[in-house]
Amino acid sequence: MRFIPDERLPIENTPKMEGFRCQAIAFSIFFALTVLPLLMAIYVWYEYDWMLAVGFGLFFYLVSAIVGSKLRLMSVPADQRERNLSSMDIAKWYTKYHFCRSY
């Protein structure tokens with residue numbers, strides 16, 4: 001008895017970004033998900049206090065993780081959500097299906 005279906009659908013690779021506009025959008029989403037919380041925590045540390053910066057940094061990373069998971073649910077196909085994807089992969093999927101879709 002086989003539990004594996006005979007016809008498997010191939011797993012799509014991470015989409016390739018074509019054009020400078022699509023690459024810029026994908027990189028800006030990636031930057032906002034990964035680097036922006038750190039920059040905001042450094043700013044809070046500079047302006048106020050390091051203890052407050054640690055708290056805000058953890059809060060900003062939590063918010064970026066929630067936004068990243070929402071972007072993943074909105075853009076990655078349902079049969080590929082089990083894969084481990086980096087923030088850049090999520091940004092590429094989102095950009096491909098919401099900004100740079102060629103009809």
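Student: Which helices do the buried residues of H4 pack against?

Tutor: A word on the model first: it is predicted, local features need pLDDT of at least 70, side-chain atom pairs count only at pLDDT 80 or more, and totals for chains, interfaces and linings use all residues. Residues are numbered from 1 along each chain as its sequence is written, and side-chain values use heavy atoms, with hydrogens and water left out. The buried residues of H4 are Asp-89, Ile-90, Ala-91, Trp-93, Tyr-94 and Thr-95, where buried means under 20% relative accessible area, exposed over 50% and partly exposed in between (1.4 Å probe, protein chains only). Taking contact as heavy atoms within 4.5 Å, these buried residues of H4 pack against H1 and H3.

Student: What pattern does the protein follow along the sequence?

Tutor: Helices (H or I, at least four residues) and strands (E, at least two) are DSSP runs, numbered from the N terminus. On that basis the protein has 4 helices and 0 strands. Read along the sequence, the pattern is α-α-α-α.

Student: What share of the contacts between residues at least 6 apart in sequence joins residues at least 24 apart?

Tutor: For background, the protein has 103 residues, and buried ones make up 29% of them. Among contacts between residues at least 6 apart in sequence, the share joining residues at least 24 apart is 59%.

Student: Within what arc do the buried residues of H1 fall, seen down its axis?

Tutor: H1 covers residues 20–34, and its buried members are Cys-22, Ile-25, Ala-26, Ile-29 and Leu-33. Their arc is that of the directions from the helix axis to the C-beta atoms. These residues line one face of H1, because they fall within an arc of 95°.

Student: Which exposed residues sit on the face of H1 turned away from its buried side?

Tutor: On the buried side, the cover includes helix H2 (36–47), helix H3 (50–75) and helix H4 (87–98). The face turned away from it carries the exposed residues Phe-20 and Arg-21.

Student: Which residues does Arg-21 touch, not counting those up to four places away in sequence?

Tutor: Arg-21 is exposed, with a relative accessible area of 53%. Leaving out residues up to four places away, Arg-21 touches Phe-99 and Cys-100.

Student: And which residues does Ala-91 touch, with the same exclusion?

Tutor: Ala-91 belongs to helix H4 and is buried, with a relative accessible area of 0%. From Ala-91 to Ala-32 the C-alpha distance is 9.9 Å, across 59 residues of sequence. Not counting residues up to four places away, Ala-91 touches Ala-26, Ile-29 and Phe-30.

Student: How are H1 and H3 set relative to each other?

Tutor: Axes are lines fitted to C-alpha atoms, for helices over the stretch in contact, and angles run from 0 to 180 degrees between N-to-C directions. H1 and H3 pack at about 140°, with their axes 8 Å apart. Angles under 35 degrees count as roughly parallel, over 145 as roughly antiparallel, 65 to 115 as roughly perpendicular and the rest as oblique. H1 and H3 are therefore oblique.

Student: How many nonpolar residues does the contact of H1 with H3 have?

Tutor: Ile-29, Leu-33 and Thr-34 of H1 meet Tyr-61, Ser-64, Val-67, Gly-68 and Leu-71 of H3. Ala, Val, Leu, Ile, Met, Phe, Trp, Tyr, Cys and Pro count as nonpolar, Asp, Glu, Lys and Arg as charged, and the others, Gly among them, as polar. By class, the contact has no charged residues, 3 polar ones and, for nonpolar, 5.

Student: How many nonpolar residues are in the contact of H1 with H2?

Tutor: The axes of H1 and H2 come within 4 Å and cross at roughly 45°. H1 brings Phe-31, Ala-32, Leu-33 and Thr-34, and H2 brings Leu-36, Pro-37 and Leu-39. These divide into no charged residues, 1 polar one and a nonpolar count of 6.

Student: Which exposed residues does the face of H2 turned away from its buried side carry?

Tutor: The buried residues of H2 are Pro-37, Ala-41 and Val-44. They fall within an arc of 60°, so they line one face of the helix. H1 and H3 are included in what covers them. The face of H2 turned away carries Tyr-43 and Tyr-46.

Key: The expected span of a helix is 1.5 Å times one less than its number of residues.
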